[in-house]
Structure formats: structure tokens, C-alpha cells
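Q: Please take a close look at one chain of this model. I would like a plain description of how it is built and how far it can be read.

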Amino acid sequence: MRTSKDIDGPLETPVRFVFPQWSNLLLPTVIGAILVVPIYAALVLTYGLSPVTHNVGYMPIQPIPFSHKIHAGELGLDCRYCHNTVEYAAKAAIPPTQTCMTCHAQVQPESEALKPLWESYGEGTAILWQRVHDLPDYVFFDHSAHVERGVGCATCHGRIDEMDVVFQTQPLSMGWCLECHRDPEPNLRPLDEITNLAFDSLRDQTAQVRRGLLDISHISPSEDCSTCHR
Amino acid sequence: MNEPTIDNTFEDPCQRAPLVLNHTEFASVTTAICQANESPRPPRAWYIAFAISSTLASLFGLLVLYLIITGVGVWGNHSPTMWGFPIINFVFWIGIGHAGTLISAILFLFRQKWRTAINRFAEAMTIFAVICAGTFPVIHVGRVWVVYWLFPFPNQMDLWPQFRSPLLWDVFAVSTYFTVSLMFWYVGMIPDLATFRDRAVTKTRAIIYGILALGWCGSTRHWHRYERAYLLLAALATPLVLSVHSVVSFDFAVAQVPGWHSTIFPPYFVAGAIFGGFAMVVTLAVPSRQLWGLKDFITMRHLENMNKIILLTGSIVGYAYLMEFFTAWYSGARYESFAFINRAFGQHAWAYWIMLFCNVAAPQLFWFKRCRRSIPVMFFVVMCVNVGMWFERFVIVISLEQDYLPSSWAYFAPTWVDLAMLIGSMGLFLTLFLLFIRYLPVIAMAELKAVMPEANAHPAGAHGSADDQNGEAVS
């Protein structure tokens, strides 16, 4: 036990602690970290917010090499010919095999690529199309609500009529949704141009027209959580 | 250790009352304070207290896990009493912390020398109380895994917290408070940690305290910078004493619930926080000075001073209770009047009267010097205040159960998880505190020496009298 006498005099056998020489490196390390951390944070943020993180460019292989470019582009089929519920329902229906057969019973019936279609037709099984635009399960998106108010197909899906294989062109992130919900005007078009994929809301109409669309349809999109997360 | 013989609560206008008893030399102060920390085994009472409190702390951890796995339905919270126990406990704990900041910052700037013996563990208490407090809002959000959404940061959802909500201001207020308190506590501890390091007899102690002391060698330059830093931190912390609990009170006052929507809330909450905080300091000081043999440093004068502050702030709180009723009556607002009549005579009236007895009636004992100086009376009063301040928050939060819409009225009853979590948080608080008194310098030794006569020794024949040991430097 120590007594106060010990303290007055020099300490006997003290266990001295002195920072070792290498600890001098700590200062440059800390300064380095202070410089590096913001760069790191900026990189993480850029990556986190970049379209790549949100699957932009996602292009799954489909069971039949169906080309939207031929059907919607060159042949000029209206989107609603196949996705027929888009104006009335939340989901824009994947067409049943029968829809395909309305033409393909006659057109290229011998094609090798169409074999799965005939199989499906004969056996009554579904073709397992891969979903390209897939929102998380906690999001309720209603196609009819948007289509009926003048948001065209191309706004979210891009130029489908130019794609051989469909891929995701937009981030489909919450921030991206909110961007339009907060300021829908640039994305509005007349209702008869909804499925016109070549129509550009900004290029092909004046701001005055767009504002008119906003007023006519009384568009004031909600930003409440419960609008999309029910 | 025996009760010191000198009565330093006596006011002699000719001489400053000594703040350190039975010690005239710096060396013996160091030895006395370090002794408890350096002894290989703490007293048996410490082990018993630690066993109990760490068990409760573990219970708290398990309950948090249970809550996260099961969901917030395990609490008694319901519509309309959405806030329930978690927010009551949050406000209770955050209030406790205020005495620490007041002692460390405001009393420091006002050169109140008696703060030196109690500031260290009041600051420690602040930090541990804020840890307990911070836990509750975090688990109250329900989805703990997205709790970082409380902070504003750029994200793909374009989602920002509601900057107009006092709940967000709270996030900033509490996190600032915690950061500043922690820095203040640590910076103030550096010279004492160096003392521990230099006295270490085992290698582990030498290394751990050596790292914590950041290479302090007590040179004049070190002291100069240390004192500058300490002063700046004190200045930074001072507004926090008033701002943090004001912001907490906005959680209530900004809402339009009858009984909450009142401008008296910020000052009333700040006074209440200091009141409750000092009560907790005394609660901890009384047993620790006994257990750790610190009666020469935390003297009766210190306790008495704190009791005076408790009396003052308790009376402010009592005035606020009175004024709330006056406002309710004077405003002529039906809902407001109903809320207060309901408080005093409604279904939770018992809580209101417990609060009134504990916070307003009990501290009145401190008008009597004998009561201020009696350990049993003092302990009784501060325990009353601890209970009373919890009930104050209970009474306020429970106002939710009967608001404007009678069809939604409902009786709030806590579940066993609610009660166990409250007790568990006390366990967490005490566990941290016990670890602190065991492993860190409980009393600011370096500062304490500065208020001893030896620090102000005047050579014989110099200005003033050599006997005037406590005299301030005359210029």
C-alpha cells in the first residue's frame, strides 16, 4: 500500500506508460482519415443514388424472344391491344397466350422461336414471362390512376417501341416517383397521346398546354405515405 | 470513516468555509481519492449493487430484444395514448441529466467553487442518463432497423424528416447534448487519468489509463490549453442547459392537446429537469461518499447547497403547477379546464397527487437547516423527488387518454413489459454508474486542489494576512 509519504518522494518502481514511437503515426493517420472520409462518403452516396443501384438496364431473358420493336414499333400495335387492363386496373395485364394466337395462328406458325407459344396453347399452361418493371411488394402502384390522368406509357417505360428486348430505363425509386408527384406538369400529355411512345411531353407541347392539362384533370398528386404504402 | 468534525455549513462572513475537510496537503487528497479505485477489490456493497443492477440491465436488453422481435404491441401504448411509458421514461431520464450540465457549465462560469467535488460524477450521471433516455425514443419508433431515418441525409427515397416537427429538433438537441457532455466529461478527466496512470502498479492499468490520458505530462503548456478548452466547452454547454429541455418540452407544447399547448412548458420543464437532476445527484452522492470514503470532499456543505437548489427549483415547479391551473381557468377554454380538472380528480388523480406531494410538499422540508443537513431526511426528500418527477411526466403524457373526442377516450394501463423496462433502465443507469466509480476518477482531483488553501498560499508578509488562507488574490 502506498502512503502519502511515497507520493512526496519519487515513486518507487512505477510502471511507466509512454506512448510508443509508432504512435506518432497516429496524427498523420487521423488527418488522412479526415481527408479521406468525405471522399468515401461522397462515393458511397453517388453509388447509392446512381441508377445502376436501381437496376436501370435490367434486361432478363424471356422464354420467347418477343420483340416490342417489331410489334409496337414497326407493326404499330397499340399497347392496349395486349396490355388491355391498363386503363381500368392497377395492373397492366400480361396478355394470355390466346392474345398472341389471334395473329400467330396464321403468322409464322412454323417458327422455331414460337414453339413455347404452341406448347402453352396446346397444354393450357402459362408462358413464364419475366417481369422487368418490378416494384417492391410494399408499394401499391395503380396504372389506371396514372394513365387516366395523362401520364403516358413512355414516361416510366421508355421507348418500348425501339427495344428488341425490353429493359428498365428509369430508376423506379421512391425519389423518382416523388419527383413527378411533386411536379407532375412536365410529364402530362393529352389522353389520346397516352400510348404514343414517340410523343414527348416537353418537346411536343407548350408549357401552357401542359398547365391546361393540369387544371382540366384537377391533378394534385398526393405525397402522403399511405398513398403508395397502404 | 467518521463524519468530519468541522462544521463547514456554518456561514462565517470573515472567512470562506472550507470545501475540503481534514486534508491540508495535495498529496493526501490524491491518495484518499485514488485509494478506492486502486484497491484490488471494491467493497462488498459494490459487488451486491453491481450484481443487482447488471441483472436489471440485462433484463432491459432482453426486453428490448423481445420488443423488436414481437412489436410495440407488448407495451400498453394504444390510441389515443400513443406515447405511453417509452416517452415518459425518455423525458424522465433526459431531465436527470440536466444537473450535470448545470454543475459543470453554469456553476463553472459563475465560479461556484463548491462544484468541484461533485461535478465529475454529476457529469457522468448526465451521460448515463442520456444513454438511458436515448434508448426509449429509438425503440419507440417501432422499426428500430430504420431508426437512422431520424437524421436528414440524402437518399433515393427523396425522404426528409419533418423539419417543422419538434420531434426532429429533439434528435438534434439530444445528440448535441450527448456529444458536448461526453467531451466535457472526458476533457475534464484527462489530468486525473494521468494521475491514475502515474500511480499505476500494474501494467494493464498503466497502459489503459496511459492511453486515456493522451500523453498528459502536466506541463504549463498542457495546463494552459486544457483550461482554455475547458472554458470553451463550458461556454458551449451553457446554452444546452436551457435549450435541451426546452426542446423536449416543445414535443408537448407545440402539439394542440389540451394540457400540453402552453407557453409555460419550456421554463417549467427546465426547472423541473434541474430539480430532478439535483435530486439524482444527491441520491447518488449520499451512498457513494459513504461507500468510497469521500466525506471529506463531498461535505455536508455540498449536500446542503444542492438541497437549497432543490428547494428553489422545486418551488418553481410548484409555481408552474399552480399557474397551469390558473391559465386553464383564466383562458376560459373548456377543453383546457376539463384537462386540468381531470388531472386532479379524474381516473388518474392518484398519480397527480403523488406528484404534488413528492415535488411540491416534500422539498418544503428544506426550509429548515436541520432537514437540509440530515442525511435520512435528505435521502427521503430526494427519493420523493425522483418518484415525483417520474410521475410528473406520467401525468403529462397520460393527458392524451382524454382529449377532444370522447368516443376515443380510453384508460391507459401499462403492461408488465412497460414496468420491467422502466426498472431495467434504472439497472442500466446504475450499472454504468457503478462501473464509473470503480474505474474512473470520481472526484476531479486536479480541480479540487485548486480550491484548497494550499493553492492560494501567500508567503508570510505578503499582501493580506498569511492566515487568510482562502483569500482571493488582491489586485
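What percentage of the 230 residues in chain A do buried residues make up?

A: Buried residues account for 15% of the 230 residues in chain A. The average pLDDT of chain A is 88, with 93% of the residues scoring at least 70. Residues 1-11 of chain A are another matter: pLDDT remains under 50 there, and the model has eleven contacts for this stretch beyond four places in sequence. Where pLDDT is low, predicted coordinates should not be read in detail.

The secondary structure of chain A consists of eleven helices and zero strands. Its radius of gyration is 30 Å, well over the 17 Å that the globule rule gives for 230 residues, so chain A is more spread out than a compact globule. Along the principal axes, the C-alpha atoms of chain A fill a box of roughly 110 × 50 × 30 Å. Among contacts in chain A with a separation of 6 or more, 71% join residues 24 or more positions apart.

Chain A also touches chain B: 18 residues of chain A are in contact with 19 residues of chain B. On the chain B side, the elements giving two or more residues are α1 (26-38), α6 (166-199) and α7 (203-212) of chain B. By residue type, that side of chain B comprises eight nonpolar, seven polar and four charged residues.

Note on methods: Residues numbered from 1 in each chain as written. Chains lettered and ligands numbered in written order. Predicted model: local features only at pLDDT ≥ 70, side-chain atom pairs only at ≥ 80, totals over all residues. pLDDT = per-residue confidence, 0-100. Contact = placed C-beta atoms within 7 Å. Helix = DSSP H or I, 4+ residues; strand = E, 2+ residues; numbered from the N terminus. Nonpolar A, V, L, I, M, F, W, Y, C, P; charged D, E, K, R; others polar. Rg over C-alpha atoms; globule rule 2.2 N^0.38 Å. Buried ≥ 20, exposed ≤ 12 C-beta atoms within 10 Å, placed from the backbone.
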